[in-house]
Amino acid sequence: PLGWILKLLHLIVQIIATAIMIIFWMPLSAWFKFVAECKYETSRGIEKVKARKYKRCMDLTSSRAELMEVSIEDTFEPMIQGYIILPSIFGIFSSLGESVTMDADGTVKFGIEFSTTEIAQMISVITSFISLAWCFSEYNSVQKNMYLDISGSPFSRIVMFLYMFFQVIARLFAFLIFTLY
């Protein structure tokens, strides 16, 4: 009977530890990354090599946690806002086309008017696209051992960000059109 109780207690401890790790994965991975960077920066010799391997592992884990957080938060928002705004987006584009006028002296004037709801929806969708693209490009940079970091290679990082930005837009709009169909 004592072995059964110990197994049950062990299972309960594992369940509680798993729940804590799932709930606090993001701050815990950031903390472990911080500790790994501190160990790497303060060590010397063969210990620095071991600390470098551990730091690399923690960088990938932290980046993966950030990627999951951003994907969960920012994928749902453009889907819902896009589902709401997509049927009226054709009206927005046609009014945008009609609002651009050119005077006789060659000056171009924009006379577009949006409601505050439309502006808020567009800003929400655009910021979600930007944060998703930035997080995906950051994750790819971490996978490449930070060689594509914005401070190390700004041009390649900007190109990668734009690629991710257009990829996110294309995939979400394809899914939106599929759901509206």
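Over which ring does the charged end of K55 sit? In this predicted model, the charged end of K55 is placed over the ring of Y40, at 5.9 Å from the ring's centre. A second residue, R52, also lies over the face of Y40, with a distance of 5.9 Å to the ring centre.

Confidence in the prediction was examined next. The chain has a mean pLDDT of 83, and 99% of its residues reach 70 or more. Confidence is highest in helix α1 (residues 2-23), with a mean of 89. The lowest confidence in the chain falls in strand β2 (residues 108-110), where the mean is 77. Where pLDDT is low, predicted coordinates should not be read in detail.

The largest nonpolar core comprises 19 residues. Within this core, the residues that touch the most other members are F129, L132, A133, F165, V168 and L172. Two or more residues of the core come from each of α3 (46-99), α4 (116-143) and α5 (154-180). The element that gives the most is α5, with eight residues. In soluble globular proteins, nonpolar side chains tend to be buried together. When neighbours within four places in sequence are left aside, F165 is in contact with F129, I130 and A133.

Aromatic rings were then considered. F165 and F129 also belong to a cluster linked by ring pairs, together with W134, F161, F166 and F173. The count of aromatic pairs comes to seven. The ring centres of W31 and F34 are 5.7 Å apart and the planes meet at 35 degrees, so this pair is tilted. The angle lies between the 30 degrees below which planes count as stacked and the 60 degrees above which they count as edge-to-face. A pair of aromatic rings is described by both the distance of the centres and the angle of the planes. Both W31 and F34 belong to helix α2 (residues 25-42), where they are three residues apart, about one turn of the helix. F34 has a relative accessible area of 44% and is therefore partly exposed, since this class runs between 20% and 50%.

Not counting residues up to four places away in sequence, S141 touches M146, Y147, L148, D149, R157 and M160.

Key:
Residues numbered from 1 in each chain as written. Predicted model: local features only at pLDDT ≥ 70, side-chain atom pairs only at ≥ 80, totals over all residues. Heavy atoms only, no water. Core = buried A, V, L, I, M, F, W, Y, C linked by side-chain atoms within 4.5 Å. Buried < 20%, exposed > 50% of the residue type's maximum accessible area, 1.4 Å probe, protein only. Helix = DSSP H or I, 4+ residues; strand = E, 2+ residues; numbered from the N terminus. Contact = heavy atoms within 4.5 Å. Phe/Tyr/Trp six-rings, centres within 6.5 Å; stacked < 30°, edge-to-face > 60°. Lys NZ or Arg CZ within 6 Å of the ring centre and 35° of its normal. pLDDT = per-residue confidence, 0-100.
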